[in-house]
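Here is a brief report on a predicted model.

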Amino acid sequence: MESKVKVKVTDLTKCFGDLLVLDKVSFDVREGEFLCVVGPTGCGKTTFLNSLTKLYDITSGEILVNGESVDLMRHNIAYIFQENSTMPWLTVEQNVGFGLGVKRVSDPQRREMVEDVLDIVGLGKFRDYYPNQLSMSMLQRVVIARAFATRPELLLMDEPYGQLDIELRFRLEDELVKLWEKTGTTVIFITHNIEEAVYLSENILVLTNKPTTIKKRVENRLGRPRNIADPGFVALRNQVTELIKWW
Amino acid sequence: MKKDRRYLLLSLLAVSTVLAAWWLATDILKLVPSTTFPSPVKVLRTLVIKFWDPNPDGATLPQHVIASLQVSLTGYLMGVFIGVPLGICMAWFTRFDWFARPLFDMLRPIPGIAWIPLMIILFGIGVMSKAMVIFLSSFTACVVNSYSGIKQTKAVHLWVARTFGAGNLEMLFKIAIPTSLPLVLTGMRVALGSSWSALVAAELLASTQGLGFMIMQCRGLYRPDVIIAGMITIGSVGAFLTWLLSLLERRVVKGGRFS
Ligand SMILES: Nc1ncnc2c1ncn2[C@@H]1O[C@H](COP(=O)(O)OP(=O)(O)O)[C@@H](O)[C@H]1O
Ligand SMILES: [Mg+2]
């Protein structure tokens, strides 16, 4: 029943000068898994994703994707950053197709793939808009569409819904689950919102304060679609909340 | 819309006040002799006549305008085509910055017109010497603004490209250059202004044709009407060129000014 390991993190350590942020962190992510990572602000969640994508050099340890060292030219990774990362000089359509352009996908194929995701996130009508004409939540959808358009084997999301109001967050979370179910992508989703983690994940990785280690890995077997008022849901949420009491 | 019209009215009021005062002081009250300072009516007549009359300076107004444009556009385009890529390369390639910066910092504080005497010695009183002066005047603004434009690139945009698998050059062309475009165009606009004024200065000193030459000649010939007509032409052509560039800017700079 165990599928392949997609990401293998072994003794990952990251210091910024004297500041030890990640302290010998080890865990695996299965192929096709939806993993949520929760932890206090400043514990190194963003640092972990930046290390995985080689934007930061790691101090020691190892991160493997498909059993090999990460190569951004070869591995098909999409990273949704914490801050807005739409390109203001490109239209919605061009933004969504950006990753495909970098990956040298031919024009007709690119148009088709962009069309697909625009449909899913409901931005078809806004294809010719520029980012400065869109709301925060629409920008977030552009970024998500851009990531999904490349059909990534590994999708990294860093608190993507942190800035949005609740109602919208619910909608985008549902969209995300739908996309994930449809594509079978491996997702690492970072959040400090426990409810969000319980709503989305198959597994929840709970981190400690700095210097950061893994406090616990919680399995989440709730069926979908999930209901936040469901007793099982509430129980799991409380369990994670107990674990996470970093205050 | 209504507000716009009110501002337009105010501007028109200012212009007509000045014209009326000028006309009053010259034609009506005759405070100054018309040979020293001509009336607006006389200047307008001269401006029209100069379109076909080569007197008193040897060429018609269109000929002067064309001569001036030839020189200034040659120098300006040289400044843009060398200055913009240079600024971009200096901002993107650190080693190239170290190599080019000392030289550039040495040249930068020298105003373009300070080069005129040297250029006359080197190239004579032809198109080339003036074009070089204009090149040097516009070049600096292009380099400086393109450089700052590239430096405005946001790390997160580069990271997006990088995680999708882009290399260094691809990040330059797909992220940094698009980011820099608004400032590149600002630089081109500033350069256009300084090249047009450097042109007039250059023609005042060394020329046989051109708008600067025309007004200088007419100082000797004591024709203030032609001088003022020339000044008006210089202003109008300059404004027209700036407007052309703003059209280009609107086409190139998409999605608002984001830097
Ligand atoms: N580029 C950096 N240079 C120095 N310190 C950093 C850098 N990036 C993050 N840090 C530090 O590492 C710690 C973890 O940061 P981060 O990974 O952003 O936390 P979070 O879990 O909130 O995403 C913080 O204390 C932060 O100050
Ligand atoms: Mg963070």
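## The interface of chains A and B

Between chain A and chain B, the count is 1 salt bridge. A:Arg104 forms a salt bridge with B:Glu170. The closest N and O atoms of A:Arg104 and B:Glu170 are 2.8 Å apart. On the side of chain A that touches chain B, strand E6 (77-80) and helix H3 are the elements that give two or more residues. H3(A) supplies the largest share of that side, with 4 residues.

In residue terms, 28 residues of chain A are in contact with 20 residues of chain B. The two chains bury about 2200 Å² between them. Carbon and sulfur atoms give 71% of that area. Within chain A, the residues that lose the most area to chain B are A:Leu55, A:Trp89 and A:Val102. Together they account for 28% of what the chain A side buries.

## Helix H4 of chain A

H4(A) covers residues 107-121, 15 residues in total. From first C-alpha to last, H4(A) reaches 21 Å. That is close to the 21 Å expected at 1.5 Å a residue.

Which residues of H4(A) are buried? They are A:Met113, A:Val114, A:Val117, A:Leu118 and A:Val121. Seen down the helix axis, these buried residues fall within an arc of 135 degrees, so they line one face of H4(A). The other side of H4(A) has exposed residues: A:Pro108, A:Arg111, A:Glu112 and A:Asp119.

What do the buried residues of H4(A) pack against? Their partners are four helices of chain A: H2 (92-96), H3 (98-102), H5 (136-149) and H6 (166-183). Just after H4(A), A:Gly122 takes a positive phi of about 70 degrees.

## Helix H1 of chain A

H1(A) spans residues 45-52. Of its 8 residues, 7 are buried, so H1(A) is largely enclosed by the rest of the structure. The buried residues are A:Lys45, A:Thr47, A:Phe48, A:Leu49, A:Asn50, A:Ser51 and A:Leu52.

Just after H1(A), A:Lys54 takes a positive phi of about 65 degrees.

Technical notes
Residues are numbered from 1 along each chain as its sequence is written. Chains are lettered from A and ligands numbered from 1 in the order in which they are written. This is a predicted model: local features need pLDDT of at least 70, side-chain atom pairs count only at pLDDT 80 or more; totals for chains, interfaces and linings use all residues. Side-chain values use heavy atoms; hydrogens and water are left out. The expected span of a helix is 1.5 Å times one less than its number of residues. Buried means under 20% relative accessible area, exposed over 50%, partly exposed in between (1.4 Å probe, protein chains only). The arc is that of the directions from the helix axis to the C-beta atoms. Contact means heavy atoms within 4.5 Å. Buried area is the accessible area (1.4 Å probe) that two parts lose on being put together, summed over both. A salt bridge is a side-chain nitrogen of Lys or Arg within 4 Å of a carboxyl oxygen of Asp or Glu.
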